[in-house]
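This report describes a single protein model, with attention to one helix, its aromatic contacts and its backbone geometry. The sequence and structure are shown below.

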Amino acid sequence: MMILDLPSLLCEPERGLGVCPAIRASPDRHMLNSIVGKHLRVHLSNGWVFEPWFTGPDFIEYQLEAGPHKGRHAIQIPTFRQIVPGAIESLHWIEETGTHVNLTWYLETQLIERHASVPRWLADHDMAVTTGQNWDPEYLAKIRQMAADGPDMPRHVYADRGYFEILDDKTVAKHSEYFGTERKTPKLNAHPYAHTTP
């Protein structure tokens with residue numbers, strides 16, 4: 001039986017990323033046992049940068065800082081799984097656009113894999129149409145109408161890699177509007193995707 005070291009495979013330059021040695025050598029790299037409760041900066045290989053990325057027990061908040069829909073600020077309710085506790089975790093959610101997103105986080109190497117299935121109507125549009133806050137009623141009405149007009153298929157699939165950094169507490173102060181004092185749960189009813197019961 002052959003055992004594969006997935007994080008090591010992802011670090012090999014010929015496999016597409018080649019950033020792992022720099023991450024391992026970083027003097028300020030923190031030991032990480034989960035993404036839950038952490039504020040992160042996510043860099044994907046296509047140049048997209050999400051910052052900050054905050055994962056609570058059952059929600060995520062992110063803002064796109066670089067990429068085709070720079071300025072998008074979204075809150076989603078994902079499914080979170082520990083594939084290998086303390087080593088590999090996974091998030092999956094469906095965005096208001098109908099896009100399915102699955103992220104696999106390799107904690108030791110701070111690498112990430114993304115698989116996203118984007119509806120055809122969005123893949124054929126300028127993705128800047130999703131810039132804004134995904135809890136804004138006007139934004140939601142516009143996106144829902146575009147999704148209803150379709151088409152959904154054939155979908156465009158992103159399958160790429162990247163890496164993530166852990167941000168310090170100073171970077172999260174501007175996002176306290178949606179989080180309680182411990183920044184681990186969203187304030188109730190702060191947006192349509194937040195919990196509606198305590």
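Helices (H or I, at least four residues) and strands (E, at least two) are DSSP runs numbered from the N terminus. The model is a predicted one: local features need pLDDT of at least 70, side-chain atom pairs count only at pLDDT 80 or more, and totals for chains, interfaces and linings use all residues. Residues are numbered from 1 along each chain as its sequence is written, and side-chain values use heavy atoms, with hydrogens and water left out.

Helix α4 spans residues 137–149, 13 residues in total, and its first and last C-alpha atoms are 18 Å apart, close to the expected 18 Å; the expected span is 1.5 Å times one less than the number of residues. Y139, L140, I143 and M146 of this helix are buried, that is, under 20% relative accessible area, while exposed means over 50% and partly exposed lies in between (1.4 Å probe, protein chains only). Viewed down the axis of α4, the buried residues fall within an arc of 130°, so they line one face of the helix; the arc is that of the directions from the helix axis to the C-beta atoms. The face turned away from the buried side carries the exposed residues P137, E138, R144, A148 and D149.

## Overall organisation

The protein contains 4 helices and 9 strands, in the sequence order α-α-β-β-β-β-β-β-β-β-α-α-β. Of its 198 residues, 43% are buried. Among contacts between residues at least 6 apart in sequence, 52% join residues at least 24 apart.

## Aromatic contacts

There are 10 aromatic pairs. Rings of Phe, Tyr and Trp (its six-membered ring) pair if their centres lie within 6.5 Å; planes under 30 degrees apart count as stacked, over 60 as edge-to-face and the rest as tilted. The ring centres of W48 and Y158 are 5.5 Å apart and their planes meet at 55°, so this pair is tilted. The pair links distant parts of the chain, 110 residues apart: W48 is in the loop between β1 (39–44) and β2 (49–55), and Y158 is in strand β9 (residues 156–166). W48 is buried at 7% relative accessible area, and Y158 is buried at 19%.

F50 and W53 form an edge-to-face pair, 5.7 Å centre to centre with 85° between the planes. F50 is buried at 7% and W53 at 2%. One aromatic cluster is formed by W48, F50, W53, Y62, W93, W105, Y158 and F164. The charged end of R114 sits over the ring of Y158, 4.7 Å from its centre; this requires NZ of Lys or CZ of Arg within 6 Å of the ring centre and within 35 degrees of the ring normal.

## Backbone geometry

Most residues other than glycine have a negative phi, and most peptide bonds are trans. Q110, which is not a glycine, has a positive phi of about 55°. Q110 lies in the loop between β7 (100–106) and β8 (111–118) and is buried at 5% relative accessible area.

Just after α4, G150 takes a positive phi of about 60°. The peptide bond from G150 to P151 is cis, with omega near 0°, and P151 belongs to the loop between α4 and β9. The bond from M153 to P154 is cis with omega near -10°, and P154 is placed in the loop between α4 and β9.

Notes. Contact means heavy atoms within 4.5 Å.
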